[in-house]
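Please look first at the sequence and the fold shown here. The paragraphs that follow lead through them step by step.

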Amino acid sequence: MDKVTRVASENGVVIFSKSSCCLCYAVYILFQDLRVKPLVYEIDQDPEGREMEKAIMRMGCNAPVPAVFIGGKLMGSTNEIMSLHLSGALIPMLKPYQVSK
């Protein structure tokens with residue numbers, strides 16, 4: 001859990017992902033469309049990936065990937081991110097992390 005917490009707190013927007021995850025890619029593309037460049041951390045490329053998956057689940061994420069953190073706080077997986085976006089709540093959360101056009 002320490003590694004997950006450290007990576008999440010050291011970067012504004014983080015997507016914990018697996019290289020073969022299509023939903024991870026969909027969340028990444030959404031963020032790019034919203035002018036946010038998240039750190040994508042591929043846990044399947046990390047030797048501690050299994051432990052990181054377990055830590056993400058213990059933190060309350062309903063799926064280990066994608067696990068999205070904004071400002072060091074776990075926001076959830078695909079369903080939570082899409083719900084936040086559709087309700088209009090995601091963009092204000094991302095405002096501090098948006099890059100200029």
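**From one serine to the whole sheet**

Leaving aside residues up to four places away in sequence, S77 touches C61, N62, A63, V65 and P66; contact here means heavy atoms within 4.5 Å. The model is a predicted one, in which local features need pLDDT of at least 70 and side-chain atom pairs count only at pLDDT 80 or more, while totals for chains, interfaces and linings use all residues. Residues are numbered from 1 along each chain as its sequence is written, and side-chain values use heavy atoms, with hydrogens and water left out.

S77 sits in the loop between β4 (73–76) and α4. Helices (H or I, at least four residues) and strands (E, at least two) are DSSP runs, numbered from the N terminus. With a relative accessible area of 4%, S77 is buried. Buried means under 20% relative accessible area, exposed over 50%, and partly exposed in between (1.4 Å probe, protein chains only).

P66 is also touched by L23, which has T78 as another contact, again not counting residues up to four places away in sequence. L23 belongs to helix α2 and counts as partly exposed because its relative accessibility is 45%.

Helix α2 covers residues 22–33, 12 residues in total, and reaches 16 Å from its first C-alpha to its last, close to the 16 Å expected at 1.5 Å a residue. The expected span is 1.5 Å times one less than the number of residues. Which residues of α2 are buried? They are C24, V27, L30 and F31. These residues lie on the same side of α2, because they cover an arc of only 120 degrees around the axis; the arc is that of the directions from the helix axis to the C-beta atoms. The face turned away from this buried side carries the exposed residues C22, Y25 and D33. Among the elements covering the buried residues of α2 are β1 (13–17), β3 (67–70), α4 (78–87) and α5 (90–94).

The strands form an open sheet of four, in the order β2-β1-β3-β4, with mixed pairing. Two strands pair if DSSP finds at least two bridges between them. Strands of a sheet pair through backbone hydrogen bonds, either parallel or antiparallel. The edge strands, β2 and β4, each pair on one side only. β3 and β4 run antiparallel and are joined by three bridges; in β4, L74 is the bridge partner of F69. Helix α1 (residues 2–10) packs on the sheet, where it touches β1, β2 and β3, and its direction makes about 145 degrees with that of β1. Helix α2 lies across β1, β2 and β3 and runs at about 160 degrees to β1. For these angles, axes are lines fitted to C-alpha atoms, for helices over the stretch in contact, and angles run from 0 to 180 degrees between N-to-C directions.

How many aromatic pairs does a search of the whole structure find? The search finds two. F16 and Y41 form a tilted pair, 5.6 Å centre to centre with 50 degrees between the planes. F16 lies in strand β1 and Y41 in strand β2 (residues 39–42), so this pair ties together parts that are 25 residues apart in sequence. F16 and F69 form an edge-to-face pair, 5.5 Å centre to centre with 80 degrees between the planes. Because F69 lies in strand β3, and F16 in β1, the parts tied together here are 53 residues apart in sequence. Rings of Phe, Tyr and Trp (its six-membered ring) pair if their centres lie within 6.5 Å; planes under 30 degrees apart count as stacked, over 60 as edge-to-face and the rest as tilted. Both F16 and Y41 are buried, and F69, at 1% relative accessibility, also counts as buried.
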